[in-house]
Amino acid sequence: MGTAVSIELAADRAAPELRALIADVCGWLHEVDARFSTYKEDSEVSRMRRGELTSTGCHPDLRHVLGACADLWRATDGYFDAYYGGVLDPSGYVKGWAVAEASRRLVDAGCPTHFISAGGDIAARGDRVWRVGVRHPWDETKVAWKLAVRDAAVATSGTYERGGHVINPRTGKPARFLRSVTVTGPDLTLADAYATAALAMDREGLRYLEKLATDGYESAAVTEDGRAFTTPGLPVAT
């Protein structure tokens with residue numbers, strides 16, 4: 001997945017069992033990377049890009065991702081677009097989904113209280129409060145907000161690391177109005193997709209984020225000129 005992953009398990013289990021749980025999560029994330037990478041020539045996504053694989057012949061996980069991306073394209077009025085420019089790139093969905101699935105595997109294995117962080121996508125699960133620092137978009141040694149979440153997801157998209165990699169489909173240009181967007185809520189897959197879509201919307205992204213609050217997704221955003229915005233229910237740590 002091209003990013004660092006950290007895993008914390010809060011479970012009274014023997015060390016070998018905990019190591020086995022972490023190994024399962026890591027194995028799953030490597031499986032996702034092998035299937036969905038846009039850089040590996042033999043991944044299913046790369047093969048589909050070259051026309052060597054169709055949706056009927058691919059793994060069920062890839063069919064699921066393609067269907068979910070199509071749903072998000074409709075739900076975001078085309079701002080979340082896994083086919084922008086005619087080239088398949090579901091990366092904006094895959095990382096959040098992969099971490100959410102890893103979290104589900106831990107719950108199924110009897111470890112409901114855990115924390116997984118992968119490149120700005122966080123699953124903070126279980127009956128305890130997790131404190132999450134949202135990176136300052138200009139200074140990686142500082143945080144812009146400290147959040148306190150319980151059994152929730154936190155997803156951040158921004159331009160401060162990879163530059164203008166998110167395209168506004170209306171203008172055809174890299175989205176630059178928002179430098180950082182963080183979304184919290186119950187579902188990491190959706191929180192991640194919503195953060196990416198808001199970034200792609202440029203100025204309209206702020207209005208979009210306000211509307212998401214009615215569905216239980218709170219947010220924080222920083223504009224390229226340094227202004228900060230939050231929705232009223234953002235779970236800021238006290």
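Predicted model: local features only at pLDDT ≥ 70, side-chain atom pairs only at ≥ 80, totals over all residues.

**Entry 1: a tryptophan.** I began with Trp138, and I found it partly exposed, with a relative accessible area of 43%. Where does Trp138 sit? I traced it to the loop between β4 (130-135) and β5 (143-149). Next I checked what Trp138 touches, leaving aside its neighbours within four places in sequence. My list reads Arg179, Val222, Thr223, Glu224 and Gly226. I looked again at one of these, Glu224, which is 86 residues from Trp138 along the chain. The C-alpha atoms of Trp138 and Glu224 are separated by 9.9 Å.

Entry 2: I looked up the confidence, and the protein averages a pLDDT of 94. I also wrote down that 99% of the residues score at least 70. Which strand has the lowest confidence, and which the highest? The lowest is strand β7 (residues 167-168), with a mean of 90. The highest is strand β10 (residues 218-223), at 98.

**Entry 3: the sheet.** I followed the strands across and got an open sheet of 7 strands. The order I wrote down is β1-β2-β3-β6-β9-β10-β11, with antiparallel pairing. At the edges I found β1 (5-9) and β11 (228-230), each of which pairs on one side only. From one strand to the next, the twist averages 5 degrees.

Then I zoomed in on one pair. Strand β2 (residues 114-118) and strand β3 (residues 121-125) run antiparallel and are joined by 5 bridges. I picked out Phe115, and the residue standing opposite it in β3 is Ala124.

I also looked at what lies across the sheet strands. Helix α5 (residues 188-200) lies across β3, β6 (152-158) and β9 (178-185). Helix α5 runs at about 25 degrees to β6.

**Entry 4: the cysteines.** How many disulfides does the structure hold? I got 0. I wanted to know why, so I checked Cys26: its sulfur is 13 Å from the closest cysteine sulfur, in Cys111, and that is too far for a bond. The cut-off I needed here is that the two sulfur atoms must be within 2.5 Å. Cys69 is in no disulfide either, as the nearest cysteine sulfur, that of Cys58, is 12 Å away.

Last, I asked myself: are they buried or exposed? Cys69 is buried, with a relative accessible area of 5%. Cys26 is partly exposed, at 32%.

Note on methods
Residues numbered from 1 in each chain as written. Heavy atoms only, no water. Buried < 20%, exposed > 50% of the residue type's maximum accessible area, 1.4 Å probe, protein only. Helix = DSSP H or I, 4+ residues; strand = E, 2+ residues; numbered from the N terminus. Contact = heavy atoms within 4.5 Å. Pairing = 2+ DSSP bridges. Axes fitted to C-alpha atoms, helices over the stretch in contact; angles between N-to-C directions. pLDDT = per-residue confidence, 0-100.
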